[in-house]
Amino acid sequence: DREVQDFRAKKQMTIQGTNVPKPVMNFDEAGYPDYIMTEIKRMGFTEPSAIQSQAWPVALSGRDVVAIAETGSGKTIGFALPAMVHINAQPLLAPGDGPIALMLAPTRELAVQIQAECSRFGASSRLRNVAVYGGVPKGPQIRDLSRGAEIVIATPGRLIDMIESGKTNLRRVTYLVMDEADRMLDMGFEPQIRKILSQIRPDKQTLMFSATWPKEVQRLAHDFLNDFVQVNIGSTDL
Ligand code: ADP
Ligand code: MG
């Protein structure tokens with residue numbers, strides 16, 4: 001399809017994978033529910049960013065995604081909006097259920113940023129989220145987990161602590177995000193990530209977002225993702 005090829009070239013996009021869905025060239029093509037479209041309009045966004053235009057249709061089709069794009073390219077809602085659509089299609093949480101979407105991030109600062117986007121776009125659909133990270137008391141996080149949350153945003157160490165102390169569980173996780181995967185590995189979180197991933201059902205959907213694509217991140221992707229579509233924006237010497 002010539003139009004799709006031109007669009008990808010204009011966005012400096014390279015893709016790998018089989019049967020890759022077409023990019024969306026505007027917000028309407030993504031097919032988001034009204035509660036999400038309302039927020040997109042409220043934010044004043046005029047068009048999907050390059051990474052969003054291709055990562056959204058792949059993620060919304062249920063496929064695993066590797067998305068490589070520089071900082072500031074709109075990766076957060078690249079994975080957070082499809083997460084909400086995914087959650088809306090799942091049975092409601094029962095008491096004692098853990099999250100449906102789990103988003104792993106390297107730092108407290110980043111977890112809080114992701115949480116802010118999830119709160120902004122998810123509030124009117126009553127999607128609850130909890131951010132779980134170290135360096136602060138556990139009490140409020142434990143309380144919020146006990147109330148139930150469809151989305152948990154977590155740094156790896158504190159999440160393992162919460163799982164091992166029975167404050168949450170990963171039995172309902174069917175949508176897993178690793179944000180800033182390169183930074184998480186730089187910070188030495190690979191053993192914790194592998195431990196967490198080993199507790200999630202193998203048929204989950206997995207999305208990996210990163211600014212760079214070093215060997216260690218590639219290895220993690222090949223170990224845990226299935227038939228993924230890889231989207232790169234910008235420099236192709238990766
Ligand atoms: P990244 O994770 O790639 O570093 P962020 O998700 O933090 O990028 O997004 C960077 C900024 O771009 C944020 O302020 C976000 O609100 C904004 N943004 C996201 N998507 C769009 C869009 N489609 N149009 C305009 N701004 C956007
Ligand atoms: Mg980011």
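Predicted model: local features only at pLDDT ≥ 70, side-chain atom pairs only at ≥ 80, totals over all residues.

User: Why is Met162 called buried?

Analyst: Buried means under 20% relative accessible area, exposed over 50%, and partly exposed in between (1.4 Å probe, protein chains only). Met162 has 0% relative accessibility, so it counts as buried. Met162 belongs to helix α8, residues 156-164. A helix here is a DSSP run of H or I, at least four residues, and a strand is a run of E, at least two; both are numbered from the N terminus.

User: What does Met162 touch, not counting residues up to four places away in sequence?

Analyst: Its partners include Val132, Ile142, Leu145 and Thr168. Contact means heavy atoms within 4.5 Å.

User: Which residues of α1 are buried, and what makes them line one face?

Analyst: In α1 (residues 2-10), Val4, Phe7 and Arg8 are buried. Seen down the axis, the buried residues fall within an arc of 95 degrees, so they line one face of the helix. The arc is that of the directions from the helix axis to the C-beta atoms. An α-helix has 3.6 residues a turn, so residues three or four places apart point the same way. On the other side of α1, Arg2, Gln5, Ala9 and Lys10 are exposed. The cover over the buried residues of α1 includes β1 (13-16) and α4 (50-60).

User: What makes the largest pocket a pocket, and how many residues line the largest pocket?

Analyst: On a 1 Å grid over the protein atoms alone, a pocket is an open set of points with protein on both sides within 12 Å along at least five of seven lines, where lining residues have an atom within 4 Å of a point. The largest pocket is lined by 17 residues, with Gly72, Ser73, Gly74, Lys75 and Thr76 nearest its centre. Its volume is about 290 Å³. That volume is the space filled by probe spheres set on the points, with grid points joined across faces, edges and corners. Both α5 (75-88) and α6 (108-122) supply at least two lining residues each.

Conventions:
Residues numbered from 1 in each chain as written. Chains lettered and ligands numbered in written order. Heavy atoms only, no water. 1 Å grid on protein atoms, 1.4 Å probe; cavity = no way out; pocket = protein on both sides within 12 Å on 5 of 7 lines; lining within 4 Å.
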